Amino acid sequence: MSRSAHPAGPRHADVLPEGHYSAPAADLNALDEKVWSRTVTRDADGALTVGGIAVARLAEEFGTPAYFLDESDFRARCRAWADAFGPDADVFYAGKAFLSRAVVRWLKEEGLNLDVCSGGELTTALDAGMPAERIAFHGNNKTVAEIERAVEAGVGRIVLDSFQEIVRVAHIAQRHGVRQRVQIRVTVGVEAHTHEFIATAHEDQKFGIALADGQAAEAVRRALSLDGLELIGVHSHIGSQIFDMAGFEVSARRVVQLLAEIRDEHGVELPEIDLGGGLGIAYTSDDDPREPHEIAKALSDIVTRECESAKLRTPRISVEPGRAIVGPTAFTLYEVGTIKPLEGLRTYVSVDGGMSDNIRTALYDAEYSVALVSRTSDAEPMLVRVVGKHCESGDIVVKDAFLPADLAPGDLIAVPATGAYCRSMASNYNHALRPPVVAVREGEARVIVRRETEEDLLRLDVG
Ligand SMILES: *Cc1c(COP(=O)(O)O)cnc(C)c1O
């Protein structure tokens, strides 16, 4: 995945086939279990089913476009992460990937903790009954009002992101007569994505406090000196959609070095380190994500080894997977509206959603898969680009994929692995109505976030 972002304006037509797509799968009807949620299969009629319900029924009852979230799969992934890390580590689900009150209840029931990074996410978490001590509050510019609410609620940790915030949180905590548990977010000079990482001395980004030039050490010095704060550890998050553990190796080494410096200077061994999230998932059959137990073992081995060589007690580890939990558990269901074959180029398939329900393709050049799901087909594969209905030529859902050549308006197609950063980044561009999220489990489907209506749009527009 490239991290290059495109300008918001229309892109120049890049219509020549670029040859970046893989060859078509041998069987376009096959559903690769890597990219589809666990209860997805095809029924005797060839229609895709999730949680035992066929997509035609789902489309009829809930409309399209819509996100269908496989609740059993979500819960199973939560348990897999919790089991893999065990009782001596903490798993925080990154709520920004997708958050709703139902999701909060599932997390609570399955024993996970929760990361929030705004007042809105905090409200959702508390309203759905997540115990405050299981919530971590992130963000590079939390407002005073947000910090007040977090401190009053008694969140388990606030992750401090700047020198100003160290003082701000300390004052607010003191005013409330509490010692707030905090971590300091450091930037370790590692930027990791997919199969590469870059390790540098300096990092050019807005988050955290640099390890370089003794900045992080100075932040620790200040946090330790303030009565309102209980400094429990150091936090590092190095990127997203990462498959290669080498970036974590470098970041863990640098964080442990900082812990050793803190011990040498202040005589305290901070009890925790947080290694962030960013673990990759399969968006297409070309991606090979690791299982949670492999990740847990790799991270724990790295930290143990680094601590042994620094003669430190091994701290309690926490991690913050968002995408790796929710990403694979949902697909977006669309109805095909128009089909335009461009001779010698490719076929444009327009669906009833687009960049308003999945901005990742336009924003990050993200790759997705797509399948015809209302039926099977034996027709030849055709090269398609799945596009939305927005007034923007960059409104692309799936850049290059193959669908059967007999695809017709009215067919249902689905894009898997849209559980993370699709509904949570959805917009009302062109006054689109943001799609619902429907949870499906054991033959039952229920709306957990309803579809927006035109009344919703008019209610905000006060005229
Ligand atoms: C975004 C983010 C995460 C989650 O990232 P995923 O790629 O969804 O796992 C975790 N921690 C922090 C601090 C983040 O900013």
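**Words and their grounds**

Me: Why are α5 and α6 called oblique to each other?

Reply: α5 and α6 are called oblique because of the angle between them: helix α5 (residues 144–153) and helix α6 (residues 163–175) pack at about 45°, with their axes 10 Å apart. Angles under 35 degrees count as roughly parallel, over 145 as roughly antiparallel, 65 to 115 as roughly perpendicular and the rest as oblique. The axes are lines fitted to C-alpha atoms over the stretch in contact, with angles from 0 to 180 degrees between N-to-C directions, and helices (H or I, at least four residues) and strands (E, at least two) are DSSP runs numbered from the N terminus. This is a predicted model, in which local features need pLDDT of at least 70 and side-chain atom pairs pLDDT 80 or more, while totals for chains, interfaces and linings use all residues. Residues are numbered from 1 along each chain as its sequence is written, and side-chain values use heavy atoms, without hydrogens and water.

Me: What makes α2 and α3 oblique to each other?

Reply: The axes of helix α2 (residues 71–85) and helix α3 (residues 101–109) come within 9 Å and cross at roughly 40°, and α2 and α3 are therefore oblique.

Me: What is the angle at which the axes of α7 and α8 cross?

Reply: Helix α7 (residues 215–225) and helix α8 (residues 246–266) have axes that come within 11 Å and cross at roughly 50°, which makes α7 oblique to α8.

Me: Is the crossing of α7 and α8 left-handed or right-handed?

Reply: The crossing of α7 and α8 is right-handed, a word used if the near helix is turned clockwise from the far one by less than a right angle, and left-handed if anticlockwise. A right-handed crossing is also how α2 passes α3 and how α5 passes α6.

Me: How do you know that the largest pocket lies between domain 1 and domain 2?

Reply: Domain 1 (41–70 + 328–449) and domain 2 (71–327) both give residues to the lining of the largest pocket, so the pocket lies between them. The lining has 43 residues, and Lys 96, Arg 185, Phe 207, His 237 and Gly 239 lie nearest the centre of the pocket. The elements that each supply at least two lining residues include β6 (113–116), β14 (239–242) and α11 (360–364). By class, the lining divides into 14 nonpolar, 16 polar and 13 charged residues, where Asp, Glu, Lys and Arg count as charged, Ala, Val, Leu, Ile, Met, Phe, Trp, Tyr, Cys and Pro as nonpolar, and the others as polar.

Me: What makes a space a cavity, and not a pocket?

Reply: On a 1 Å grid, a cavity is a set of points where a 1.4 Å probe fits but cannot get out, whereas a pocket is an open set with protein on both sides within 12 Å along at least five of seven lines, and lining residues have an atom within 4 Å of a point. By this rule there are two cavities of 30 Å³ or more. The largest cavity has a volume of about 40 Å³, and Tyr 67, Phe 98 and Arg 423 are among the residues that line this cavity. The second largest cavity holds about 30 Å³, and the residues lining this second cavity include Val 186, Glu 203 and His 237. The largest pocket, by contrast, has a volume of about 1,100 Å³.

Note on methods
Points joined across faces, edges and corners; volume = space filled by probe spheres on them. Domains from an automatic or database assignment.
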